[in-house]
Amino acid sequence: ESESPRYKVRLGTQADAFRLVEAAVAAGKRVLWVCNQVGGCQNKVDSLGRTISPERVLCYHSRFRLLDRKRRHEEAIRRFRVERPLVLASTQVCEMSLNLDADLLVSELAPVPALIQRMGRCCRRKITGGGEPGEGLFYPPQNPHPYEQAELDQGLAFARDLSRGSGACSATIRSPG
């Protein structure tokens, strides 16, 4: 049986992201929301905790002490295996070694390698026979930091290419250039 597209990607706004996350939670899905800065991550946790349920929203970023970050890392993995709905708001720390499978990835635009790493946390299973692909929504950050604007521009071009047409793309992703 042939492999179906793994992701359905689109560009949007932060407001689109909130609406999509709320709908995903209502449908019992697991969501990974990646912010480029700790403050943005904390703001998402606060906002989502008010609109969804604080027990369904996890926070994972680099400003936690190493011991606390390790605990949050393990908690996120454990809870993603068994709980639905669930939202993890994170920073770039999720890009490496976080073995979880989100149904929906929401991310601020970032450099292409970071976007690829983030996509690797969504829909990790093989999709066959018309199965449901993972969703990805990318939106521009309010400011470029910690990245350079040129890196974000390349990330935008990459995300725009992925989102063309139906937005469906396979697990084989090639970075531009």
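Trainee: How many Å does helix α3 reach from its first C-alpha to its last?

Mentor: In this predicted model, helix α3 covers residues 66-82, which is 17 residues. At 1.5 Å a residue, the expected span is 24 Å. The computed value is close to that, with the helix reaching 25 Å.

Trainee: Which residues of α3 are buried?

Mentor: A residue counts as buried when its relative accessible area is under 20%. The cover over the buried residues of α3 includes the strands β2 (30-34), β3 (57-60) and β4 (86-90). The buried residues themselves are H73, A76, I77, R79 and F80.

Trainee: Are α1 and α2 roughly parallel or oblique to each other?

Mentor: Helix α1 spans residues 14-26 and helix α2 spans residues 38-51, and their axes lie 11 Å apart. The two pack at an angle of about 45 degrees. Angles under 35 degrees count as roughly parallel, and 65 to 115 as roughly perpendicular. The angle between these helices therefore makes α1 oblique to α2.

Trainee: Which residues of α1 and α2 make the contact?

Mentor: In this pair, α1 passes α2 in a right-handed crossing. By class, their contact has three nonpolar, three polar and two charged residues. On α2 the contact is made by K44, S47, L48 and T51, and on α1 by Q14, F18, V21 and E22.

Trainee: Is D46 exposed or partly exposed?

Mentor: D46 is placed in helix α2. Its relative accessibility is 45%. Exposed means over 50% and buried means under 20%, so D46 counts as partly exposed.

Trainee: What is the distance in space between D46 and V57?

Mentor: In sequence, D46 and V57 are 11 residues apart. From C-alpha to C-alpha, their separation in space is 8.9 Å.

Trainee: Where does P85 lie, and is the peptide bond from R84 cis or trans?

Mentor: The peptide bond from R84 to P85 has omega near -10 degrees, and this bond is cis. As for its place, P85 is found in the loop between α3 and β4.

Trainee: What is the omega of the peptide bond from H145 to P146?

Mentor: P146 lies in the loop between β6 (134-139) and α5 (149-163). The bond from H145 to P146 is cis, with omega near 15 degrees.

Trainee: Is S97 buried or exposed?

Mentor: S97 lies in the loop between β4 and β5 (104-108). Although S97 is not a glycine, its phi is positive, at about 70 degrees. Its relative accessible area is 64%, and therefore S97 is exposed.

Note on methods:
Residues are numbered from 1 along each chain as its sequence is written. This is a predicted model: local features need pLDDT of at least 70, side-chain atom pairs count only at pLDDT 80 or more; totals for chains, interfaces and linings use all residues. Side-chain values use heavy atoms; hydrogens and water are left out. Axes are lines fitted to C-alpha atoms, for helices over the stretch in contact, and angles run from 0 to 180 degrees between N-to-C directions. Helices (H or I, at least four residues) and strands (E, at least two) are DSSP runs, numbered from the N terminus. Angles under 35 degrees count as roughly parallel, over 145 as roughly antiparallel, 65 to 115 as roughly perpendicular and the rest as oblique. A crossing is left-handed if the near helix is turned anticlockwise from the far one by less than a right angle, and right-handed if clockwise. Contact means heavy atoms within 4.5 Å. Ala, Val, Leu, Ile, Met, Phe, Trp, Tyr, Cys and Pro count as nonpolar, Asp, Glu, Lys and Arg as charged, and the others, Gly among them, as polar. The expected span of a helix is 1.5 Å times one less than its number of residues. Buried means under 20% relative accessible area, exposed over 50%, partly exposed in between (1.4 Å probe, protein chains only).
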